[in-house]
Amino acid sequence: MSSSYEARVGALAGGPKIDLRSDTVTHPTPAMREAMYRAEVGDDVYGEDPTVNRLEELAAETVGKEAALFVPSGAMGNTIAILTHCRRGDEVIAGDRSHVYLYEVGGAARLNGSAIRSVPTLADGTLDRARLARAFQGEDIHEARTGLLCVEDTHNMCGGRVLPPETLRELAAPARAHGLPVHMDGARVFNAAVALGLPVSALAAEVDSVMFCLSKGLSAPVGSMLAGSRAYVEEARRGRKLLGGGMRQAGILAAAGILSLTEMVDRLAEDHANAKTLADGLANIPGITIAPETVETNILFFGVRGADGQPGDVTPLVTAAASAGVLFSGGDDGRIRAVTHYGITAADIDRALAAVAEAMKAPVKR
Ligand code: TLP
């Protein structure tokens, strides 16, 4: 996603907007604001914030791990995960469309000297099995050692695709065979769990560590969790300090995160239903390209058909929708992304479809 482009699109639209750029734009619920106001706090770097401690215990219990750590963001959670699993210079295997590879500022390389060995991501969010099998290395003295395999569930750039437990187990198998750990970028793993009708612990059980975000569909204003064994999380606490992520009276934020886990999980099904309605509606608009049957959670990608049948330029459509108050992310890769979330209603989806239909009738000239 190009942030300057998103800023430009955002600036175009005046008045109330239907913001489908990301689920990161959610605002805290009224109950969260109330809980934040009343939160009991202490110094979390001393381990003395009772609300953070409660959130960490609840998160660990929810994902079925021994311990969990409250971190400021998903990107920091993934970076700490890498720092904690890998020695300096160890390689990390990840998909070539994964967030950790594409959108985390090269943190693994900059902060841990860890190159990412990318393997092709398949359309369903999994990895090319043959290339994955060949990606592990370190026996030969010429090679950097592999330290970690990262998987992503749901898969953002594949359109919120869900990786079920058996698929995760299959992907993890070569790492297990090499005695290596597996980390899950589970920024939206609760969406995966809700889509599958499984507890999130059934997915987390397949990996050694899992990062998930409170501040996406779960609507907290800030924060993510990194969960794993007790020893792992203690070491990760050191990594968080290294990156400047020790947050003192963070109970103000953790109070919202507790409600994310206790009140906001089941609601994700509404986002999935809205995304499906949006996808089906888009499929009926002439000139739009989309595969609605691949929409499993709250993220969808679509494009426009160019005159020659090739993918067309999406910029005029994104711009026209924005001037009608409907915000999409214009991808750098010629696709448009829409993400449903708390605050987006079925009526908003109708309005978004109307805006796209209108724009496709009279494409805006640039
Ligand atoms: N994703 C953002 C952008 O960075 C693209 C979005 O709008 O979707 N893992 C995954 C799979 C993510 O999608 C994201 C955020 C992160 C990690 C990082 O989380 P934050 O933004 O909290 O650092």
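Predicted model: local features only at pLDDT ≥ 70, side-chain atom pairs only at ≥ 80, totals over all residues.

Student: Which side chains have an N or O atom at 2.8 Å or 2.9 Å from a ligand oxygen?

Tutor: For H99 the distance is 2.8 Å. For R337 it is 2.9 Å.

Student: How many residues surround the ligand?

Tutor: There are 15, and the closest are S22, G74, A75, H99 and D185.

Student: How many aromatic pairs does a search of the whole structure find?

Tutor: Two. One is formed by F190 and F212.

Student: Why is the pair of F190 and F212 called edge-to-face?

Tutor: Take the centres, then the planes. The centres are 5.0 Å apart, and pairing needs them within 6.5 Å, so the rings pair. The planes are at 70 degrees, and over 60 counts as edge-to-face, so the label holds.

Student: What does the pair of F190 and F212 tie together?

Tutor: F190 lies in helix α9 and F212 in strand β7, so the pair ties together parts that are 22 residues apart in sequence. Both residues are buried.

Student: What makes the pair of F302 and F328 edge-to-face?

Tutor: The ring centres are 5.4 Å apart and the planes are at 80 degrees, so this pair is edge-to-face. F302 is in strand β10, while F328 is in the loop between β11 and β12, 26 residues apart.

Student: How do you know that F302 and F328 are buried?

Tutor: Buried means under 20% relative accessible area. F302 has 2%, so it counts as buried. F328 has 1%, so F328 is buried as well.

Student: Where is the charged end of R335?

Tutor: It sits over the ring of F301, 3.7 Å from the ring centre.

Student: Which residues have the most contacts inside the largest nonpolar core?

Tutor: F70, F190 and F212, in a core of 51 residues. Helix α12 gives the largest share of this core, six residues. Among the residues that F190 touches are V200, F212 and L261.

Student: Which residues belong to the other core, of 29 residues?

Tutor: Among them are L20, L278, L300 and F328. This core lies apart from the largest one.

Note on methods
Residues numbered from 1 in each chain as written. Heavy atoms only, no water. Phe/Tyr/Trp six-rings, centres within 6.5 Å; stacked < 30°, edge-to-face > 60°. Helix = DSSP H or I, 4+ residues; strand = E, 2+ residues; numbered from the N terminus. Buried < 20%, exposed > 50% of the residue type's maximum accessible area, 1.4 Å probe, protein only. Lys NZ or Arg CZ within 6 Å of the ring centre and 35° of its normal. Core = buried A, V, L, I, M, F, W, Y, C linked by side-chain atoms within 4.5 Å. Contact = heavy atoms within 4.5 Å. Near = heavy atom within 4 Å. Polar contact = N/O pair within 3.5 Å; in protein donor to acceptor, adjacent residues only side chain to side chain. Lists of a residue's contacts leave out its neighbours within four places in sequence.
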